[in-house]
Amino acid sequence: MSGRYRVGAALAGAAILTAAGLVAANWATADEGKRHTTEGPRVEPTKLIGAPGTKSSLQAETLRTELGSRAVGSYYDSAGDLVVAVSDAATAELVRAAGAVPKLVRFTAAELNSVQSELNRLAETSRAGKVRSWYVDPISGTVVVSVPKGAHDIFTERFVERAKEHGDQVTVKTVYGTVKPTADDFSLRGGFQVDKNTGYVCSLGFNARTSKGTRVFLTAGHCTSGKPSFSRNGYILGNTVYSSFPGNDYGSVDVIEGWDQQGYIEGWGSGSVAVHGVASPTVGSELCKSGKSTGWTCGRIVANNVTVNYGNNKIVRGLFQHTACVESGDSGGANMTGNYAQGITSGAALIDGKCLDKYNRSNESYSQPIGAALRATQTELVMGS
């Protein structure tokens, strides 16, 4: 492929490395990356069984815009109906008139957001200990605080005590496994492996362009932290342009001439999925993710605007939580609902490095919404046909 240069021997073979906040990972073999050819991508979009349709997604977006802070949040119930949590009867009537199902909850969005903001400040100015995450949950109408089973250190207990001071506005939930960023891969269809010059690998999220036509790909911010350069299959890709982690978890890397940027996500045996646009994560929506380590896995979105504590005061805000399997090496990979981009893989709770579903528990994975990444990097996605 013209315009590529062979990376030196430092990138060859296998390596196990560690870095603050990142997982030690084995490099994948070059064979894993040989799906990229000069032929056009094979497009077989996966039909999402039972997933809310485009009409429902547009309905959710419209209600979000119209109701603003009057709504605590929205989600799809088991029947596929859009439910909007509100705290007063007048707003409930607006929801009903729009064709959605209102759910009256006890506390307002302002009250619950204030609780989450206070916990954010507590985590950043003091410590959150081993507390996993906290977010406003439209289903319970409370701020859900997730605490690992058996976590009884002084920082965790102090954080939980402060959270419980808010009474019924807070629900404390016991969770399992250890959450960590899933760095280990990067590339030119979403989900492909990409290699850092520092020895780690991550997954490529989405190909994108700036308003000036500069070619970049988007990935996780903990992958671009320190502004490394990237390669794929021993050939140079480009250098980090933008990086944000912690706080956020997104970054962009320029792509040198010669690489074929495609508006498709690798389906790992399910065919490539074309990117047709961008969606905002809605609780209850089906979501599938593509990544170097676990390939194409699917689940559902269970929470929005989640603040996650990755340890060592690495706090990331505004993530969404879902139940698709994510493991080390999937970081930065693409998250899709149908043909619409949802986000970029950030991290997951793991037991012995494996997804929780391997231990008969629901997966707990976290992703950076794609909209925030596009705004920060001033880019637009490369679309597929």
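Modeller: Cysteine 288 and cysteine 298 form a disulfide, with their sulfur atoms 1.9 Å apart. A disulfide here is a pair of cysteine sulfur atoms within 2.5 Å. This is a predicted model, where local features need pLDDT of at least 70, side-chain atom pairs count only at pLDDT 80 or more, and totals for chains, interfaces and linings use all residues. Residues are numbered from 1 along each chain as its sequence is written, and side-chain values use heavy atoms, with hydrogens and water left out.

Colleague: Which hand does the link of cysteine 288 and cysteine 298 have?

Modeller: Right-handed, with 105 degrees about the S-S bond. Cysteine 288 sits in strand 18 (residues 286–291) and cysteine 298 in strand 19 (residues 295–309), so the pair ties together parts that are 10 residues apart in sequence. Helices (H or I, at least four residues) and strands (E, at least two) are DSSP runs, numbered from the N terminus.

Colleague: Is cysteine 288 buried or exposed?

Modeller: Cysteine 288 is buried, at a relative accessible area of 1%. Cysteine 298 is partly exposed, at 36%. Buried means under 20% relative accessible area, exposed over 50%, and partly exposed in between, with a 1.4 Å probe and protein chains only.

Colleague: How many disulfides does the structure hold?

Modeller: Three. Cysteine 202 and cysteine 223 form a disulfide with the sulfur atoms 2.1 Å apart, and that link is left-handed, at -95 degrees about the S-S bond. It links distant parts of the chain, 21 residues apart: cysteine 202 is in strand 9 (residues 201–203) and cysteine 223 in helix 5 (residues 221–224). Both cysteine 202 and cysteine 223 are buried.

Colleague: And which cysteine is joined to cysteine 325?

Modeller: Cysteine 355, with an S to S distance of 1.9 Å. The torsion about the S-S bond of cysteine 325 and cysteine 355 is about 85 degrees, so this disulfide is right-handed. The pair links distant parts of the chain, 30 residues apart, with cysteine 325 in the loop between strand 20 (315–322) and strand 21 (334–337) and cysteine 355 in strand 23 (residues 354–355). Cysteine 325 counts as buried at 7% relative accessibility, and cysteine 355 is buried at 1%.

Colleague: What is the pairing in sequence order?

Modeller: Numbering the bonded cysteines of the protein that way gives 1-2, 3-4, 5-6.

Colleague: Changing topic. What order does the open sheet of three strands have?

Modeller: The order is 1-2-3, with mixed pairing. Strand 1 (71–76) and strand 3 (101–104) are at the edges with a single partner strand each, so one side of each has no neighbour in the sheet. Two strands pair if DSSP finds at least two bridges between them.

Colleague: How many bridges join strand 2 to strand 3?

Modeller: Four, and strand 2 (residues 82–86) and strand 3 run parallel. Valine 83 has valine 101 in strand 3 as its bridge partner. Helix 2 (residues 89–97) packs on the sheet and touches strand 2 and strand 3, its direction making about 160 degrees with that of strand 3. Contact means heavy atoms within 4.5 Å. Axes are lines fitted to C-alpha atoms, for helices over the stretch in contact, and angles run from 0 to 180 degrees between N-to-C directions.
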